[in-house]
Amino acid sequence: MFGSYRLQRLPSSHAGIALAARVAAIVIALLVAGIGIALAGMNPLNLGARVITASFGSAFGMEDLGVLIIPLILTGLAVAVAQQVGAWNIGAEGQFYAGAFAATAIGLFVPGEGPLILMLMFVAGMAGGAAWILVPTLARAYANVNELITTLLLNFVATLLVYYVSTGPWRDRSGMANSATPPLSTDVPSFWGIVHWGFPIAIGLAVLVAAVLAFSRWGYEVRLVGSNPSAAKYAGIPVRKHLIAVMLLSGGIAGIAGMLEIAGTVHRLQGGISNNFGYLGIMVAVLARGSPIGVIFSGALMALILNSGIILQTQGLTTSIVLAITGFILFLTAIGDELSYYRITREKA
Amino acid sequence: MDLLTGLLTTAFLAGAVLALAALGEVLTERVGVVNLGVEGLMAMGAVTGIATVTVVPSPMLGFLAALVVGALFGMVFALATVYVRANQVLCGLALTLMGSGLASTIGRNYSGMPSPVIFEPVKVPVLSEIPVLGPAFFSQNILFYLIYLILPIFFSYLMFSTRHGLNMRAVGENPAAADAAGIPVNLMRFSYVTIGAALAAGAGAYLTLAFVPSWSDGVVAGRGWIAVALVIFAGYRPIMATLSGLLFGLITALGFVGQARGWPIAPAFLSMLPYLGTVAFIIVPVLAWQKMRRAMAAPAALAVPYYRDMR
């Protein structure tokens with residue numbers, strides 16, 4: 001009379017279920033974090049209220065969020081773009097540092113100020129990020145070496161390089177702080193409190209990339225390479241060329257994030273300028289299911305989570321707890337993504 | 001101590017961390033699962049080790065506690081990837097973020113504190129008197145012999161000379177055929193993912209209880225990722241993984257010796273050596289030894305979840 005129910009795995013995932021799984025993952029992760037905080041002897045509801053008032057209660061809080069959104073959208077976009085062509089760029093952190101490094105070189109050593117220097121810094125940041133992913137890109141394209149590990153390992157090299165120049169040859173010799181470069185003479189101008197023009201640039205880039213991928217012939221070919229490389233090759237699409245172009249673009253976008261961070265937010269280069277932006281970018285891209293437009297929203301969400309961690313630092317928690325919670329959300333999302341392929345179907349007995 | 005002895009002693013010490021983690025990942029990948037959470041597992045093992053010995057002053061207990069914590073995390077990862085069949089790359093990255101973040105949070109109380117007890121070196125009588133090799137190889141702690149001799153030989157024998165090992169490799173190469181032959185594919189994967197994760201966490205405990213030996217934030221410093229890369233370089237073989245761990249121990253030791261002796265290279269650049277070396281060592285062999293490709297290839301079903309009803 002009722003027939004029998006069975007679980008069936010379909011070849012395509014259900015977007016609605018995948019989205020619901022993301023919401024559920026975040027709720028569960030926050031609940032678990034709350035329980036953890038309660039076990040540590042603090043009141044999670046008090047802390048939560050504090051986070052909300054500190055984030056949304058004042059213009060300063062909103063500005064902090066606005067500044068955090070910029071690098072998170074861009075590193076998320078970098079990871080998402082690479083995903084479109086079927087590559088894992090886990091090295092956005094290193095490309096971020098490389099972009100910041102290259103842009104600082106222009107800012108410190110090219111005389112002059114104004115828009116021209118800013119343009120040069122922007123290009124240098126992009127080139128620095130792209131240069132940082134060049135070897136992994138060529139290794140993947142010509143020798144089929146997994147780009148996941150090579151991009152990741154270069155993160156450590158970039159971090160060490162920035163640490164070296166900002167405490168060594170480029171360090172500020174005038175002030176007391178000797179672990180950072182002197183302030184840069186050229187800044188990305190702000191338009192609302194401390195929120196600078198990197199904000200519209202980040203959103204604009206995401207929209208631009210989404211439009212190119214969705215409406216251009218090139219974008220169509222890239223997406224085809226990402227979803228089925230052998231079919232793309234059979235159809236005469238230059239798979240290798242697209243792979244190289246998109247991976248370099250991915251590195252370049254992460255480099256722009258680094259450039260905007262030093263030129264707009266921090267105003268000087270120092271070790272640890274990235275709040276794990278590159279790693280959190282992976283999360284931003286996954287939450288957005290690799291969609292460049294979605295990255296804008298998941299970037300904002302991630303900024304809120306990261307900002308909460310920074311606020312809670314004053315309450316005796318560390319920002320590393322943000323990393324742990326992010327990882328937990330990612331874990332639950334991965335499970336939810338797999339479950340979104342299943343349907344419960346009813347068979348007539 | 002002369003230069004060569006110092007170099008070798010440090011190389012063996014530093015290499016053991018990578019060798020143990022890489023061995024664990026070889027077991028994991030041979031059954032067809034890629035675990036990118038090694039970095040996080042090592043961090044958890046490192047902090048578990050130091051937290052345990054501050055309560056009970058026994059390095060062995062600290063190491064065992066790390067194995068248990070690693071196994072628990074490994075089971076969670078294996079449940080998600082083997083039974084639920086969630087994306088292995090995502091789950092691995094998640095495990096790295098969770099492990100690193102959680103370890104830093106827990107480790108705040110132990111930051112900068114040297115480990116109260118460490119694995120003390122055991123001098124092998126007579127043999128430890130041999131010049132150069134004696135101090136490097138026969139005056140090390142007890143785990144050292146486990147990592148360099150017992151475990152690689154045991155797992156190599158198990159993998160290549162027993163029926164169980166054949167079954168194990170079959171699961172990684174062709175799970176459908178293995179299933180048809182009556183091998184419990186999921187159980188096999190679950191078990192070796194768990195063992196591999198335990199060994200990774202053990203490598204972390206070795207870091208804080210024998211090598212460094214103290215906890216500081218970021219003490220793992222990418223060693224987990226180097227270990228994952230070494231597995232490729234080692235062609236998924238236990239003994240080769242141990243040897244490549246030693247090779248990278250040597251590269252790390254070169255940096256240390258350079259710093260200690262005041263070579264005119266900035267320490268930051270010496271610290272880059274292991275990472276740059278790893279990148280080079282996974283790219284160059286692919287280009288250089290085209291003929292070796294088949295023998296050194298990854299298990300055919302690596303990172304591919306197995307669905308029985310979709311054969």
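Me: Which helices of chain B each supply at least two residues of the lining of the largest cavity?
Reply: They are α1 (3-30), α2 (38-55) and α9 (185-211) of chain B. Helices here are DSSP runs of H or I, at least four residues long, numbered from the N terminus. The model is a predicted one, in which local features need pLDDT of at least 70 and side-chain atom pairs, taken over heavy atoms without hydrogens or water, count only at pLDDT 80 or more, while totals for chains, interfaces and linings use all residues. Residues are numbered from 1 along each chain as written, with chains lettered from A and ligands numbered from 1 in written order.

Me: Which helix gives the most to that lining?
Reply: α1(B) does, with four residues. Among the lining residues are Ala21(B), Gly24(B), Glu25(B) and Thr28(B); Val38(B), Leu41(B), Gly196(B) and Ala200(B) also belong to the lining.

Me: And how much space lies in the largest cavity?
Reply: About 30 Å³. A cavity is a set of points on a 1 Å grid where a 1.4 Å probe fits but cannot get out, and lining residues have an atom within 4 Å of a point. The structure holds one cavity of 30 Å³ or more.

Me: Switching to the interface: how many residues of chain B are in contact with chain A?
Reply: On the chain B side there are 43, in contact with 37 residues of chain A (heavy atoms within 4.5 Å). Leu90(B), Leu97(B) and Trp225(B) supply 17% of the area that chain B buries against chain A, more than any other three residues. The area buried between the two chains is about 3,500 Å² (accessible area to a 1.4 Å probe lost on being put together, summed over both). Carbon and sulfur atoms give 86% of that area.

Me: How many salt bridges does the rule find across the interface?
Reply: Zero, counting a Lys or Arg side-chain nitrogen within 4 Å of an Asp or Glu carboxyl oxygen.

Me: Which helices of chain B each supply at least two residues of the side that touches chain A?
Reply: α3 (59-83), α4 (88-107), α10 (223-233) and α12 (267-288) of chain B. The most comes from α12(B), with 12 residues. By class, the residues of that side are 33 nonpolar, six polar and four charged, with Gly counted as polar.

Me: Backbone next. What sort of peptide bond joins Val212(B) and Pro213(B)?
Reply: A cis peptide bond, with omega about -25°. Pro213(B) is found in the loop between α9 and α10 of chain B.

Me: Where is His267(A) found?
Reply: His267(A) sits in the loop between α10 (239-266) and α11 (277-287) of chain A. Its phi is near 70°, a positive value in a residue other than glycine.

Notes
On a 1 Å grid over the protein atoms alone, a cavity is a set of points where a 1.4 Å probe fits but cannot get out, and a pocket is an open set with protein on both sides within 12 Å along at least five of seven lines; lining residues have an atom within 4 Å of a point. Grid points are joined across faces, edges and corners, and a volume is the space filled by probe spheres set on the points.
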